[in-house]
Amino acid sequence: MEWGSLQPVVALLAPEGDAQQADAALAQALGGEDLAVAVRAASAAQLDAALALDALAIHAQNLVTSVDFLGYAYYGGLLYLGEKRYQNALDFFQLAITAPALSLSAFVIEAYKKLILVTLILRGENVILPKYTPYVVARNVDNHCTPYLDLASAFVVEKDLAAVQEVVAKHEELFIQEGNFGLVKQVVQAFKQRKLLRLTRTYATIELTEIATTAGMSSSDAVAAEKMLLTLISNGQMDAVIDKQKAMVRFVLEDEDAGAYQDEVQGEATRKLQEEMEKLVMVAAQLRYMDVELVTSAKFQSRMQKDKERRSRISAHNEQGDERMVVDGASGMDTME
């Protein structure tokens, strides 16, 4: 077979000398421009024949190590976290934790911390490790994640916002140091949202101020409560209608039509708007009538005439004063001469 431009590459695929040196030479060739030029110059038959050749043997020192695998799983989870794809992030962190191991790894510990936080955000539950988790991990990893387990306990067991915030305040410096404070704040936000979701089991209609209090905000912060509700509604987690005029929220049951109630609320708002518009038109008409009546009244005309005469007298007086100043100035010039 005439290899033509592929001859240097083919020689590297079938080395006669040291295999490690051949590996290095092949890697250099694959990363250079010469290979691209050779491939473009080769015929289709030459390329097919080259691809059919047996490549170099893979040496043990070039295999993927356990650290490589753990790094792939951990950093992959971080990338999914950045995109807020929590389920994918959870899967990757769990992949790192359940990898076969004879001892704890820093990757496993950090992945477990983030797994706790992501599970709280996504499901509001404690982490339950699979049965195939390595024994050394299942037995010892909790000892390295106590603050995170305390946060999970306050979230899931105590179900108390004050307890959650207390744990966050207590370990805030640690969370910041380990780069997890952003996730911790999302956990607090998720807890507030779950508190709001529980309201649908108790109330049919509730005030926005009461919702704000339930979510751990001040009673006057109805705007923030409304924003949180809109987030839940847009995500499909809650079916509710907000009446801004009455500052009320109505939770729609499964057998109810939210659109019909929304139309009812909008219809009432339209009716009130129409009433206010009619009032404005009436006030404008009254103002026009009063304006015409005022302008055409004898008293107003007399007052306008007096003002006009007064302005005329003032203008004439000012003109006389200017003339006297001119005459006095001329007399002064004669005296100087």
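Start with the charges. Glu110, Lys113 and Glu178 are linked in a network of salt bridges. By salt bridge I mean a side-chain nitrogen of Lys or Arg within 4 Å of a carboxyl oxygen of Asp or Glu.

Before I go on, the ground rules. This is a predicted model: local features need pLDDT of at least 70, side-chain atom pairs count only at pLDDT 80 or more, and totals for chains, interfaces and linings use all residues. Residues are numbered from 1 along each chain as its sequence is written, and side-chain values use heavy atoms, with hydrogens and water left out.

Glu110 and Lys113 meet through their side chains at 3.3 Å, N to O. They sit 3 residues apart in helix H7, so about one helical turn separates them. Helices here are DSSP runs of H or I with at least four residues, strands are runs of E with at least two, and both are numbered from the N terminus.

Which member of the network is buried? Lys113 is, at 4% relative accessibility. Glu110 is partly exposed at 23%, and Glu178 is partly exposed at 25%. The cut-offs: buried is under 20% relative accessible area, exposed is over 50%, and partly exposed is in between, with a 1.4 Å probe and protein chains only.

How many salt bridges does the structure hold? It holds 5. One of them joins the side chains of Asp307 and Arg303, at 3.7 Å, N to O. Both residues lie in helix H16 (residues 298–336), 4 residues apart, about one turn of the helix. Arg303 is exposed, at 55% relative accessibility.

Next, the packing. The largest nonpolar core has 43 residues, and Phe93 and Leu151 touch the most other members. A nonpolar core is a set of buried Ala, Val, Leu, Ile, Met, Phe, Trp, Tyr and Cys residues joined through side-chain atoms within 4.5 Å. Several helices supply at least two residues each to this core, among them helix H5 (66–82), helix H6 (86–97) and helix H9 (146–158). Which helix gives the most? H7, with 11 residues.

Take a look at Leu151. Leaving aside neighbours within four places in sequence, Leu151 is in contact with Leu117, Leu120, Val164, Val167, Val168, Val184 and Val187. Contact means heavy atoms within 4.5 Å.

There is also a second, separate core of 15 residues, which includes Leu199, Leu208, Ala225 and Ile242. Asp243 is in strand S2 (residues 240–243). Asp243 is buried, with a relative accessible area of 9%. Asp243 and Leu208 are 35 residues apart in sequence and 9.4 Å apart in space, C-alpha to C-alpha.

On to the pocket. What is the volume of the largest pocket? About 440 Å³. The method: on a 1 Å grid over the protein atoms alone, a pocket is an open set of points where a 1.4 Å probe fits, with protein on both sides within 12 Å along at least five of seven lines. Lining residues have an atom within 4 Å of a point. Points are joined across faces, edges and corners, and the volume is the space filled by probe spheres set on them.

The pocket is lined by 16 residues, and Gln189, Ala190, Gln193, Asn235 and Gln237 lie nearest its centre. H7, helix H12 (181–199) and helix H14 (222–234) each give two or more residues to the lining. H12 has the largest share, with 6 residues. The lining divides into 8 nonpolar, 6 polar and 2 charged residues. Here Ala, Val, Leu, Ile, Met, Phe, Trp, Tyr, Cys and Pro count as nonpolar, Asp, Glu, Lys and Arg as charged, and the others, Gly among them, as polar.

Last, two backbone angles. Most residues other than glycine have a negative phi. Lys84 has a positive phi, near 60°. Lys84 lies in the loop between H5 and H6, and is exposed at 52%. Lys159 has a positive phi too, near 55°. Lys159 lies in the loop between H9 and H10, and is partly exposed at 46%.
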